[in-house]
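Trainee: I am new to this structure. Please pick one part and take me through it closely.

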Amino acid sequence: MDISRDDPGYKYVVENIGSLQGVRDYLWYWVVDMLLSIWHNYRIVLLFSAFLLAIKLCLVYLLNRKNAVAVSFFYCAVFWQLHDLTQLRVSSAVLFFILYLYYEY
């Protein structure tokens, strides 16, 4: 936590959630608002992101058990730093795509 360049932006969203709702990304701001009803601290968004990452890594393992270590290494080396660490909305969208692949597979 607090290691990403985008963390101050998430802190700003949490502090100004009332004025930002309805601007764009309706679902994202609704999720953040629901999370803030649990704990009014911007770190709740980061904890939620960590939960989504855990689900994604479990799905990656289930999709490719034979090469789970190689796939996990590739995921952490390429994707995690680019999306999971900074772009939480993209990371959430990718989770739904991986879920789709899992159920189609």
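Mentor: Start on the surface. Leu-27, Trp-30 and Met-34 form a nonpolar patch there, with about 350 Å² of accessible area together. Patches join residues with over 30% relative accessible area and no salt bridge; nonpolar side chains (Val, Leu, Ile, Met, Phe, Trp, Tyr) are joined within 5 Å, like charges within 9 Å. A salt bridge puts a side-chain nitrogen of Lys or Arg within 4 Å of a carboxyl oxygen of Asp or Glu. Areas come from the Shrake-Rupley method with a 1.4 Å probe, and for residues only the protein chains shown count as cover.

A word on the source. This is a predicted model: local features need pLDDT of at least 70, side-chain atom pairs count only at pLDDT 80 or more, and totals for chains, interfaces and linings use all residues. Residues are numbered from 1 along each chain as its sequence is written, and side-chain values use heavy atoms, with hydrogens and water left out.

Now take Leu-27. Leu-27 sits in helix 3. Helices are DSSP runs (H or I, at least four residues), strands likewise (E, at least two), numbered from the N terminus. Leu-27 counts as exposed because its relative accessibility is 59%. The cut-offs are under 20% relative accessible area for buried, over 50% for exposed, and partly exposed in between (1.4 Å probe, protein chains only).

Helix 3 spans residues 26-38, 13 residues in total. From first C-alpha to last it reaches 19 Å, close to the 18 Å expected at 1.5 Å a residue. That expected span is 1.5 Å times one less than the number of residues.

Which residues of helix 3 are buried? They are Trp-28, Tyr-29, Val-31, Val-32, Leu-35 and Leu-36. These residues lie on the same side of helix 3 because they cover an arc of only 155 degrees around the axis. The arc is taken from the directions from the helix axis to the C-beta atoms. The face turned away from that buried side carries exposed Tyr-26, Leu-27 and Ser-37.

The largest nonpolar core has 14 residues; Val-14, Ile-17, Trp-28, Val-32, Leu-36 and Val-45 touch the most other members. Such a core is a set of buried Ala, Val, Leu, Ile, Met, Phe, Trp, Tyr and Cys residues joined through side-chain atoms within 4.5 Å. Helix 1 (7-15), helix 3 and helix 4 (43-63) each supply at least two of its residues. Helix 3 gives the largest share, 6 residues.

Last, the whole chain. The chain has 6 helices and 0 strands. Of its 105 residues, 32% count as buried.
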